[in-house]
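Subject: The structure for you to look at

Hi,

Here is the structure I said I would pass on.

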Amino acid sequence: NSFVTSTSLLPSRGQKMRCFGSTKEYTVGVVFALPTAFPLDSDSEDEAVRRTKTWSWPAGYSAKTEFNIDDRGNLINGREEALVPLGGLRKLNHSYLHDEDHVVGGRLIKGGLNTIPYNEVYMRVGGPGRIVRGMDCATSTACDDSLGTGRSLDNGVGLPVALFVRSAQYGNLVSLLRTRARLSSVLGKDHIRGIPLLFITPEEGTRVLTERLQRDLLKTMSQNLNPFQNPSIQHRTTIDNTSESHMQQKLEELIDLDEDHIRSILTPEECARIAGGFGATDDSVAALLQDVLKADREEDERAKEARKMLGVPKEEPAEGEVESSAPEPTSHKLQDIVNDGLTAAVRSGDYNTSRQLLILYTLVASRGEQQKQKEEEEAAAKALAASTEDAVAAMSQDDGDGDSNKGDTASGGSSSGVLHHEEEANENGHGENPGKELPDVGLTPMHTPPEPSFIHHAGKKEAIKKAEDNKKGGGGAATSTELSTHFNPPPPPPPPPLDTDRLRSATNSDGLLAVLGAAQVLRSMQDGGAKRRVEEAVLAIEEWVENGEQSVAFRLASWRDQRAAQGDLKIATESDSNFMAFISNKAVSNRRKFARQLRDSISATDFEDISFLQSIHAILDKMRSPCLRLELLQYILGLDNRYSVAHAARSVELAATCMNISAYESMPPEERKARGLLEES
């Protein structure tokens, strides 16, 4: 693909001449290389220029080609008379560098100028790929201008051979990295990988941003630079105001941490700060978290072996205490780097990167916990098999020769049972290689649907109408019951808790409050706090209902306390408390119904499952002017008093998104395919 556009032919080393536009608005540019041979025009550049309508004007001349080309592709309004061949532009550029007097815009300027206005070359770009030393860097095919297989003015001069930035401010340098990431996303990584980065100014000319300088820039970005979003699209990528085109640009500008040796240059903590503060691709962030999870597990294994060698006994509960089911102390580097990333996201005010980190963390952590459970089950099965074999061998020795046949029979039966158990484990996914990497993220965080769709989809009854025929034949279509029997794994647990209390107090952004609130909701589910606080809330609301039914004065006092709290901004509500609701029995009725809903949630909900989030979301969805009910929900979920009904609903929806993606990724391929058929039908 190729197109025509306006470019500038800079003097040697890029000195003296400024580029088009201001350095504040147009901070980054691309560099193209001209053809070196013209086989269709007897190697005459001027003939090739005339034949291909490659137009060029001298410095200082305002061609305005967008307004001065007719519908037949011809120049109008005197623009053709002002044309100068490319050779003429080169002579003028040489004069600007070495002569005392300069010709600018057709006038002779005595003494010259320190900075020359840009010239304009209207030419065709694109066509071939990026050509480096006579080879297409993506396909490794030979490209020769003299043979017509390389750059040309007919088909295009190829993809950019370099990128440049016009100032050394950090904002512009980060813009340069984002532009490189965007070109890599649009044109392909093979075309852009290793592309030179330049710094061009009229005063200093061209300088190369070497690999060492790029490493220093990345270190500064991750350690000392206050993170920021792209200011030109930031206002259209918020939770309440998102433009599809602006969001697409944001996705294209995400930095790939796996490219340019970034992950070998930066520590995992620094990579997480880059991801949260400036944005990184889903795949590279997932790979980062997977590697950190693997390092955590290796550290836990080393610590376990060390405790075993030193003979450190497991801590026993004190007298009168119930034995805790909490695991032994484990490494928590994964939580630490995610917290670092969320901190950077809060500093840059970026809802999208914080949401990405939370979803990927939930997916990786839950998947890692499931893998750990599988390994423990395999180890237990092996230990059971070994103990069974030892017992059979002992029985054979005790029985002697007379009972040898019986012993053989018992041994054979036991071996068959163990083998059958192992085969079932392999069929159900328990026999997978423990060292196998986690699968690629199917629903990437930057592309997931809005959170409410996950809530509603999870609440639908599973009824798979049809599935693929059995590969062995005769199996027919699998029903939903059959699929759930054979394929449904246990729901993934919530991830290890993240400590986001400090971060929540540092932001008032609606989007970030939703993300950090979702992290707190998952934390309440994981550590059992939600279950404990639900029971306390039910008792509190039932006590209020009992007192409110008996005394109007009690209800009025409660209304007065609520209004005082609202006036002091101690509680976030959708509207002020309705006086008539407390005079009548409406407040009592609403709170009695609320207590009943909470009771139902306690009896029918697994607090570590998405069903708990569905119950809470259903309660929030029916709230109109809550006061005490909202206060209690904030308490149950562990949220502070800034969370209104809308904030709490967003947090619950995002937590459900995290759990749903994690559950989807834990499904075997057969059930994923069947669910896909259900959605299509």
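Below is what I found, going from the whole chain down to single residues.

First, some ground rules. This is a predicted model, so local features are given only where pLDDT is at least 70 and side-chain atom pairs only at pLDDT 80 or more, while totals for chains, interfaces and linings use all residues. Residues are numbered from 1 along each chain as its sequence is written, and side-chain values use heavy atoms, with hydrogens and water left out.

pLDDT is the predictor's confidence in each residue, on a scale from 0 to 100. The chain averages 81, and 78% of the residues score at least 70. Where pLDDT is low, the predicted coordinates should not be read in detail.

**The whole chain**

There are 24 helices and 11 strands. These are DSSP runs numbered from the N terminus: helices are H or I with at least four residues, strands are E with at least two. Of the 681 residues, 43% count as buried. Buried means under 20% relative accessible area, exposed means over 50%, and partly exposed is in between (1.4 Å probe, protein chains only). Among contacts between residues at least 6 apart in sequence, 75% join residues at least 24 apart.

**The cores**

A nonpolar core is a set of buried Ala, Val, Leu, Ile, Met, Phe, Trp, Tyr and Cys residues joined through side-chain atoms within 4.5 Å. In soluble globular proteins, nonpolar side chains tend to be buried together. Here the largest core has 97 residues, and those with the most contacts inside it are Met221, Leu289, Leu358, Phe612, Leu613 and Leu620. Helix α23 (residues 645–666) gives the most to this core, with 10 residues. Another core lies apart from the largest one; it has 11 residues, including Val49, Val121, Val125 and Leu153.

**Helix α1 and what follows**

Which residues of helix α1 (residues 45–52) are buried? They are Glu45, Ala48, Val49 and Thr52. These cover an arc of only 100° around the axis, so they are on the same side of α1; the arc is that of the directions from the helix axis to the C-beta atoms. What covers them includes α2 (86–98).

Ser95 lies in helix α2. Ser95 is buried at 14% relative accessible area, and it touches Asp101 and His102, not counting residues up to four places away in sequence.

**Rings**

A pair of aromatic rings is described by the distance of the centres and the angle of the planes. Rings of Phe, Tyr and Trp (its six-membered ring) pair if their centres lie within 6.5 Å; planes under 30 degrees apart count as stacked, over 60 as edge-to-face and the rest as tilted. The structure holds six such pairs. The rings of Phe20 and Tyr26 have centres 5.5 Å apart and planes at 55°, so that pair is tilted. For Phe20 and Tyr118 the centres are 5.5 Å apart and the planes at 85°, so that pair is edge-to-face. Phe20 sits in the loop between β1 (2–7) and β2 (28–31) and Tyr118 in the loop between β5 (107–109) and β6 (120–126), so the pair ties together parts that are 98 residues apart in sequence. Ring pairs link Phe20, Tyr26 and Tyr118 into a cluster.

How exposed are they? Phe20 is partly exposed at 48% relative accessibility, as is Tyr26 at 38%, and Tyr118 is partly exposed at 23%.

Elsewhere, Arg591 lies over the face of Trp544, at 4.2 Å from the ring centre. A charge sits over a ring if NZ of Lys or CZ of Arg is within 6 Å of the ring centre and within 35 degrees of the ring normal.

Technical notes
Contact means heavy atoms within 4.5 Å.
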